[in-house]
Amino acid sequence: GIDGYMFGYARASGSTSVSIQSSSMTEGETNERATPRASDSSSVSIQSSCVTEGECLPPTDNCNPSVENQLPCVTEGRFERVGSLVTVRLPFRKVACDLCSKEFLTYSKFAVHQANFHNSETQACCTYCGKSDGNHHSIACHVPKCPWRRTVTFAANLSNFLCDLCNDSFKTKSGLSQHKRHKHPCSRNAERILSLGVRTPSARPRQVVWSEEETRTLREVEVVYSGQKNINVLCAGHLPGKTSKQVSDKRRDLHRIRSSNVHGTPTTQSRGDPVEQVEEYEELDWEGMHPFPDPDSKFCSYLDQLRDQKGLTEPVWQEIEIVAQEWVENLAHVQSSWNHERTTKQVPENNTPARRPFKRRLHRVERYKRFQRMYDLQRKRLAEEILDGREAVTCNLKKEEIKDHYDQVYGVSNDRVSLDDCPRPPGANNTDLLKPFTPTEVMDSLQGMKNGAPGPDKITLPFLQKRLKNGIHVSLANVFNLWQFSGRIPECMKSNRSVLIPKGKSNLRDVRNWRPITISSIVLRLYTRILARRLERAVQINPRQRGFVPQAGCRDNIFLLQSAMRRAKRKGTLALGLLDLSKAFDTVGHKHLLTSLERFAVHPHFVRIVEDMYSGCSTSFRVGSQSTRPIVLMRGVKQGDPMSPILFNIALDPLLRQLEEESRGFMFREGQAPVSSLAYADDMALLAKDHASLQSMLGTVDKFCSGNGLGLNIAKSAGLLIRGANKTFTVNDCPSWLVNGETLPMIGPEQTYRYLGASICPWTGINSGPVKPTLEKWIANITESPLKPHQRVDILCKYALPRLFYQLELGTLNFKELKELDSMVKQAVKRWCHLPACTADGLLYSRHRDGGLAVVKLESLVPCLKIKTNLRLVHSTDPVISSLAESDGLVGAIEGIAQKAGLPIPTPDQRSGTYHSNWRDMERRSWERLALHGQGVELFKGSRSANHWLPRPVGMKPHHWVKCLAMRANVYPTKRGLSRGNLSKNKDSAKCRGCTSMRETLCHLSGQCPKLKSMRIRRHNKICEHLIAEASFKGWKVLQEPTLVTDNGERRRPDLIFHRDDKAVVVDVTVRYEISKDTLREAYASKVRRYGCLTEQIKDLTGATSVVFHGFPMGARGAWFPESSDVMADLNIRSKYFEEFLCRRTILYTLDLLWKSNNEQYLERLAP
């Protein structure tokens, strides 16, 4: 009953007074429980005499921490001797015997010493409550749990370590500091700033960074003393305050920087240095440009004319415009016919009127139909609708409102260009930029494109890919060569259509909360895709730009930002500005794009191609069934065009190079070039060495944006400053920054900012945020959706869990959290598939081709992804990232992660692309080792025919798929399986319901129970019928179960004898339950031995000259024997679909047999 009281502690000579006042008492009230019985004082107090060394602490029989008892205090004496009894206080401290002065560190040795040398008994006593006992172990267990322990310690330390914000108290000053750091970060940060303001400077300031003058002096004297002995000592003589060791380290850093500039990424050229460019550009390859053989194409003659005249006149181009329009219309007409043939289905007539469902079920039925249709046609969109918890949003804005808004966005020309102050980039490599298109290049690019929405001409990507066999890539190569060498594209290709997709969930009535996606013709997108890949190889974008590049840009930027914050907290200053460019893609000027291309020394003809693409380009927005009038694109790049990303990077590249040239960035390591910016498309992070440097960089960005028609969204931008010194750090110990007169918002210690999918907190660093609530919400949404069991598993594994990979990989690995997430996933999958809790994990985690559901195990996959990311950082081509990865100890971290996750440890020189974890194989092997649930699992390894129905159950109903899955896992509800764990001694509880003589197991029911023999014969005959039907289609004649006599007079009846011409194939079918990996092999060998002696008899019967014997074993759970493929080859049946069909039908026949075994009425009819 002590909780809730405030204790005051006062020390007096010879006594200790502890006063207790209830926080709930009002003035004038008296707490009767807090009044001691032996106290006559008017104040509510408890008196306790202080026991000193040499006095005996009176033992008590029990420990009752009521307030009515006296509260003892902790004394300095560790033991008391009264006659032959020694009382020792616990917890035990180092003591010396008062008779012989020998020191002891443990209670047991002290007690043995007293008994052997001083003939004294020893008992233990609690220091806090006085409880004593001769059993040392009893008191030792009591002391940590003593109720008086916290009370006395709390009262003794309250006055020194009390939190002034929440009244919590702590034993040490460090505990109070950590409490404020985690619970009150703003208050703690203010205390740090205040303490830094009154901190006295060190008596001996130490210079830790080389100044520019010292570095220049070192380079000069290094040249003078080059080649001489003791060069470091000689150089140190010219640098006061520098030792020879410091000179040696600095020279090594300078040498590394020079090496990286020569062999690594190119350094930024200064503003005054001339860029190495080719003054006279190479002529176009007119001789190499020749029309490819394409009799149906109408552009070959124009290509010949273009090559001969090295150009086209305007009348000729007008003819090409007409021919191009006809060619596109012809393609669209063929496209519409192809769509009609593909979608039209022959529906049989049904004169019976369809029964309308009940009104209350109508919505549910329609929703189920819509979900099933979307799962077949738009699976990704369905997953987004389910996981985000909202149905597809349609834009209900008025088309006039959309037209007026985007007339102001696109219809206003942006001719402002201000790039004179920016350094020039290295010149482009124009060698392959304008080479002629080849059919092979067009075909490879067409096959590599991802399916997307068609443009205004309605031509789709699957249609063009389907027409590859008709030579469409040859015609496209001729068309693209005509466009490229003439530098123009037809006007029919400049018309686009735009759609609006929501940016979020709130305030969708505002047109600014919708993102426009411009969709051009798929033919033009194929053309620009090839040009964009050539342009990416030709120019060298600043390495700090990580958007739209074939690298993991988000992870690189997050790693650099995390490393900068960590170093600044240890020692240094980091000023960070997170900027958001306002509508950068929609407002970048076309003149700015062309000027940026010219600064890269891109071939002028290619610049004219880009200029013609955006000249006269227009788009119209479709709202419902209506479309707006065309809007001319006077500025901006088309979001959705393959060339837009590289063009935007080129337009933003001058700003990044100017920030680097100013050299105001954050220096990660001494001797390295500072890093000024981290860009991912239009998301920028500015890193500065102090407050003034960031203010200057913000001015540079604002000047660049205003001079080129761009803008900053200050409301979505933020800044922070971290200053670290003497093992502590402060946040935002500075005034706010100003951008064009507006104040940049500051990120406080308790606030977070979302950057590239990560939560940035200046106090705690970069973390991934909560994951468990998100996964719980997704699982609930999938459960409530009208989907089939396998569809739920597919949505979870392919669309839900991959969303968490990046988020889990960013933060520190928490294996406990990963186990909890895996447990949630396993429970959901087992619930959807109606599997018992005892189902082996191997069924869930094994691959589809190995007989599993291919569910992701986060505990194994996330560490694997973390290892690959760290390997890529260690071997990064960026010298800044690779050096930071080495200094941060990522190699050791990789080994630690691999060991903790049970994954293979990568070699030191192993790259991320060559590292592969075998965690799915480990799960499968553990499944195979199970005595019951792992029976026969090895037979399903690598068998696509036996496992084809797991991801896509064709020919199965949902309840059939669930039961077959239970059979595959050997958890089908038989009496033997249900009786596992039953403690009753009734031996008949697991007996078969049919024969009552054997235990009811899957093996017994599918192959041994005499009551189900007729069902097993029926299953056997069905498989034989399928083989006969397929072989008869191939022209084989069949003899079924002929009676043949061996040389020994024994009769044999093989199931099937196929004969054609002079060849005969003997096949005997059998169905065996998969117990081990040799089950089907033994069955095959036994059948060959049984009928192999009938060669001459079969020759006489069929007239064949060659006879081949085969067994045809099938697994009762759908296993396929590999040698059965030889039977298919001998019968000229080479269809993999027939193998899949036999496996699927066999397991369904077995399922029908099991259903009969559970039918009591059926078993009664079979009874004699």
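These legends go with a set of close-up views of a predicted model.

**View 1**
Let's start with strand 13, which covers residues 618-623. Is this strand mostly buried or mostly exposed? Of its 6 residues, 5 are buried, so the rest of the structure largely encloses it. One partner is strand 10 (residues 495-502), which runs parallel to strand 13 and is joined to it by 4 bridges. To find your way in this pairing, look for serine 498, which sits opposite phenylalanine 621 of strand 13. Keep in mind that side chains in a regular strand alternate between the two faces of the sheet.

**View 1. Strand 13 meets strand 15.**
Here strand 13 pairs with strand 15, made of residues 631-632. Which way do these two run, parallel or antiparallel? They run antiparallel, and 2 bridges hold the pairing. A handy landmark is threonine 619, with isoleucine 631 of strand 15 opposite.

**View 2. The hairpin of strands 13 and 14.**
Strand 14 (residues 626-627) is also antiparallel to strand 13, with 2 bridges between them. Valine 623 faces glutamine 626 of strand 14 across the pairing. How many residues lie between the strands of this hairpin? There are 2, and glycine 624 takes a positive phi near 65 degrees in this hairpin.

Most residues other than glycine have a negative phi. With that in mind, have a look at phenylalanine 548: its phi is positive, about 60 degrees, and it isn't a glycine. You'll find phenylalanine 548 in the loop that runs between helix 17 (522-538) and helix 18 (553-570). Its relative accessible area is 40%, so phenylalanine 548 counts as partly exposed. Alanine 601 is another non-glycine residue with a positive phi of about 60 degrees. This alanine 601 belongs to the loop between helix 20 (590-599) and helix 21 (604-614). Is alanine 601 buried or exposed? With a relative accessible area of 4%, alanine 601 is buried.

Most peptide bonds are trans. Which two residues does a cis bond join here? They are leucine 90 and proline 91, and omega is about 10 degrees. Proline 91 lies in the loop between strand 5 (85-90) and strand 6 (95-96).

Pick out lysine 583 and you'll be in the loop between strand 12 (572-580) and helix 19 (584-587). Because its relative accessibility is 31%, lysine 583 counts as partly exposed.

Side chains of opposite charge can pair when their charged atoms come close. Across the whole structure, a search turns up 43 salt bridges. In one of them, arginine 81 meets aspartate 98, with 2.9 Å from N to O. Aspartate 98 has a relative accessible area of 43%, so it is partly exposed.

**View 3. A salt bridge between two helices.**
Now find glutamate 820 and lysine 772, whose side chains form a salt bridge at 3.8 Å, N to O. How many residues separate this pair? They are 48 residues apart, with glutamate 820 in helix 27 (residues 815-832) and lysine 772 in helix 24 (residues 772-784). Glutamate 820 is partly exposed, with a relative accessible area of 32%. Lysine 772 is partly exposed too, at 32%.

Finally, look for a salt-bridge network linking Arg544, Arg546, Asp556, Arg872 and Asp878.

Terms used: Residues are numbered from 1 along each chain as its sequence is written. This is a predicted model: local features need pLDDT of at least 70, side-chain atom pairs count only at pLDDT 80 or more; totals for chains, interfaces and linings use all residues. Side-chain values use heavy atoms; hydrogens and water are left out. Buried means under 20% relative accessible area, exposed over 50%, partly exposed in between (1.4 Å probe, protein chains only). Two strands pair if DSSP finds at least two bridges between them. A salt bridge is a side-chain nitrogen of Lys or Arg within 4 Å of a carboxyl oxygen of Asp or Glu.
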